[in-house]
Amino acid sequence: MEGNARKSAILSEHRPAGIARCAAASPQHRNEGEGELNAFRTIEGDAPLDMLIVGAGISGIGAACYLTREQPDKTWAIVEARERLGGTWDLFRYPGIRSDSDLFTFGYDFKPWKSKKAIAGAREILDYLREAAAEYGVDSKIRYNHRVVAAEWDSAKGLWTVSIHRSDIDAEMRLRCRWLFGAVGYYDYDQGYRPRFEGEENFRGALIHPQHWPEDFEYAGKRIAVIGSGATAVTLVPALAEKAAHVTQVQRTPTYVLPVPSEDKLANLLRSWLPEKLGYAIARRRYILQQRWIYGLCQRYPETARRLIRWVNRKYLPDDFPVDVHFNPPYKPWTQRLCVVPDGDFFKELANGRVSIVTGAIDRFTETGIRIASGQEIAADVIVTATGLNLKFLGGIELRVDGVRVNPSEKLVFKGLMLDGVPNFCFAVGYTNSSWTLKVGLLCQYLCRLLKEMDDRGHAVCVVERPKGGIGTRPLLDFGAGYVQRSLHMFPRQGDSYPWQMTFSYVSDARLVRRGPITDPAMRLSPAPSSAERQLAA
Ligand SMILES: Cc1cc2nc3c(=O)[nH]c(=O)nc-3n(C[C@H](O)[C@H](O)[C@H](O)COP(=O)(O)OP(=O)(O)OC[C@H]3O[C@@H](n4cnc5c(N)ncnc54)[C@H](O)[C@@H]3O)c2cc1C
């Protein structure tokens with residue numbers, strides 16, 4: 001383990017304090033002992049962690065806070081591939097980056113969102129996450145620059161051995177844990193989805209994907225074309241318009257776009273009168289019901305919802321604006337994520353002429369911009385391809401159970417957080433029809449209940465088994481967006497009945513998760529394997 005040679009080390013710790021020793025009291029992006037691999041002791045004979053959380057985004061930090069609150073005796077750590085926490089909210093740096101969920105439901109149920117803004121920018125969300133991490137002592141237990149590459153479950157020992165690449169010192173290491181929690185989001189961090197356009201090599205301007213926004217990119221006075229119609233495009237367009245000469249949004253298919261107030265006056269009033277936690281809880285409840293009401297309306301009365309959205313769009317746009325050309329999607333509302341725009345900023349820019357919108361297929365890029373199939377030319381100095389994400393299950397981590405590789409696409413999801421046949425493993429995929437975190441919070445609460453139940457009954461291993469008689473299956477996410485559909489075949493599937501079904505209703509999930517039975521006939525619980533006990537005792 002010397003010089004520049006790729007090093008190999010095996011690490012484990014007895015207590016959270018042990019793991020904190022390696023990461024605590026150091027700047028957020030550094031690991032104490034950087035470059036000093038010898039500081040890590042070897043694994044053999046050491047006690048494994050109770051839980052290893054992979055990913056320090058809103059889900060991983062949330063999971064750690066829940067564990068701290070509800071299972072304070074458990075030992076755990078977070079390993080994070082990047083050098084900072086925040087996940088999505090740190091990765092994306094394009095102008096105007098913000099949530100499209102309200103923060104009353106995107107925030108954690110245990111930590112009030114204090115800002116007046118209901119829709120918040122990445123910086124505010126990051127501040128909130130850092131605050132939560134500090135309040136619960138999570139920040140000292142995050143190991144940055146630790147990318148999990150693979151994890152192997154050994155039934156004889158009842159343990160995961162997790163293989164990690166440390167990018168800061170280019171070294172491999174291993175950690176052992178009883179439970180593995182994949183809080184790694186749902187998309188590929190390295191590469192956004194970027195279709196190839198005919199003639200793009202001829203384009204003389206700058207070509208940018210929002211996932212890789214160049215630092216300090218100067219676009220004042222430039223003509224910008226933004227390709228795409230999703231949440232990123234409608235966020236970027238008004239933000240770019242503040243400095244650009246002109247912004248043209250180029251979309252093949254329209255999306256439903258709905259203005260929402262960036263500040264919620266009622267929620268702010270409630271919070272000024274009531275104790276902080278109560279005010280937050282009431283505002284959160286109201287947003288949950290509101291989201292449910294809007295989603296339900298779209299599902300049950302799609303034509304009424306379509307007319308309502310069209311009516312609202314009309315109010316924001318000039319009388320002669322062709323709403324039916326640019327804001328009338330061929331699918332029903334909420335079969336793809338509905339885009340929200342705070343205070344109608346996007347529509348205001350369209351109305352004042354700093355932004356224009358073109359709907360039609362792209363024929364090719366030219367030296368000076370984009371040519372649409374209709375022959376229309378769009379002059380541009382900069383083209384932004386807001387064409388979406390590449391989905392990736394479990395951050396590309398390869399799982400093995402007793403030497404056999406787990407193929408996620410052959411697996412069935414149990415209660416939205418475990419995979420059949422994969423012991424002591426769970427993962428966090430949130431809602432796509434409302435705030436992601438609402439679901440992740442429920443999953444974490446269920447997991448804490450399960451851990452307690454297992455402890456009470458003297459069990460250490462939990463595995464769920466697929467129904468014997470077979471079960472009808474369908475894709476994990478019932479979501480029509482192109483980027484989701486393109487990659488869903490690599491994800492596990494859901495069944496057609498509970499507990500194998502992914503429900504997308506917070507109210508019914510909350511009932512099941514908080515008050516429903518913890519164990520299930522599909523669940524096999526067992527004590528720690530005796531061989532493992534022998535080994536640990538040695
Ligand atoms: C631009 C954008 C805006 C969004 N806005 C909203 C919104 O308003 N509301 C909403 O509900 N959802 C939104 N989403 C979806 C969003 O991703 C989730 O809501 C949420 O932020 C996901 O949090 P997470 O912690 O689960 O995952 P992420 O934020 O993706 O974090 C995952 C973390 O895991 C780490 N990781 C990944 N693989 C590994 C590995 N192998 N080893 C170690 N670490 C690893 C990553 O580096 C990252 O830090 C948005 C998504 C995008 C891209």
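What share of the contacts in the protein with a separation of 6 or more do residues 24 or more positions apart account for? They account for 72%, where a contact means that the C-beta atoms of two residues, placed from the backbone, lie within 7 Å.

Before going on, a word on the model. This is a predicted model, in which local features need pLDDT of at least 70 and side-chain atom pairs count only at pLDDT 80 or more, while totals for chains, interfaces and linings use all residues. Residues are numbered from 1 along each chain as its sequence is written.

**The whole protein**

The protein contains 15 helices and 26 strands; these are DSSP runs numbered from the N terminus, with helices (H or I) of at least four residues and strands (E) of at least two. Of its 538 residues, 43% count as buried. Here, buried means that 20 or more other C-beta atoms lie within 10 Å of the residue's own, exposed means 12 or fewer, and partly exposed is in between, with C-beta atoms placed from the backbone.

**Around the ligand**

The ligand is surrounded by 31 residues, and the closest are Gly 55, Gly 57, Gly 87, Gly 185 and Gly 395. By class, the shell has 14 nonpolar, 13 polar and 4 charged residues. In this scheme Ala, Val, Leu, Ile, Met, Phe, Trp, Tyr, Cys and Pro are nonpolar, Asp, Glu, Lys and Arg are charged, and the others, Gly among them, are polar.

On the H2 side, the contact includes Ile 58, Tyr 66 and Glu 70, and on the H12 side Thr 437, Val 440 and Cys 448 are among the residues involved. The residues of this contact divide into 7 nonpolar, 5 polar and 1 charged.

His 459 counts as partly exposed because it has 17 C-beta neighbours inside 10 Å. Leu 525 is 66 residues away from His 459 in sequence, yet the two are 6.1 Å apart in space, C-alpha to C-alpha.

**Strands side by side**

Strand E17 (residues 382-385) is covered on both faces: Val 382 and Val 384 on one side, and Ile 383 and Thr 385 on the other, are all buried. In a regular strand the side chains alternate between the two faces of the sheet. The table lists some strand pairs; two strands pair if DSSP finds at least two bridges between them.

| Strand pair | Sense | Bridges |
|---|---|---|
| E8 (residues 206-208) and E17 | parallel | 3 bridges |
| E9 (residues 223-227) and E17 | parallel | 4 bridges |
| E15 (residues 369-372) and E16 | antiparallel | 3 bridges |

Within these pairs, Leu 207 stands opposite Ile 383 in E17, and the bridge partner of Val 226 in E17 is Val 384. Gly 369 has Ala 379 in E16 as its bridge partner.

An open, antiparallel sheet has 3 strands in the order E14-E15-E16. Strand E14 (362-366) and strand E16 (377-379) are at its edges, each with a single partner strand, so one side of each has no neighbour in the sheet.

Definitions and conventions: Near = placed C-beta within 6 Å.
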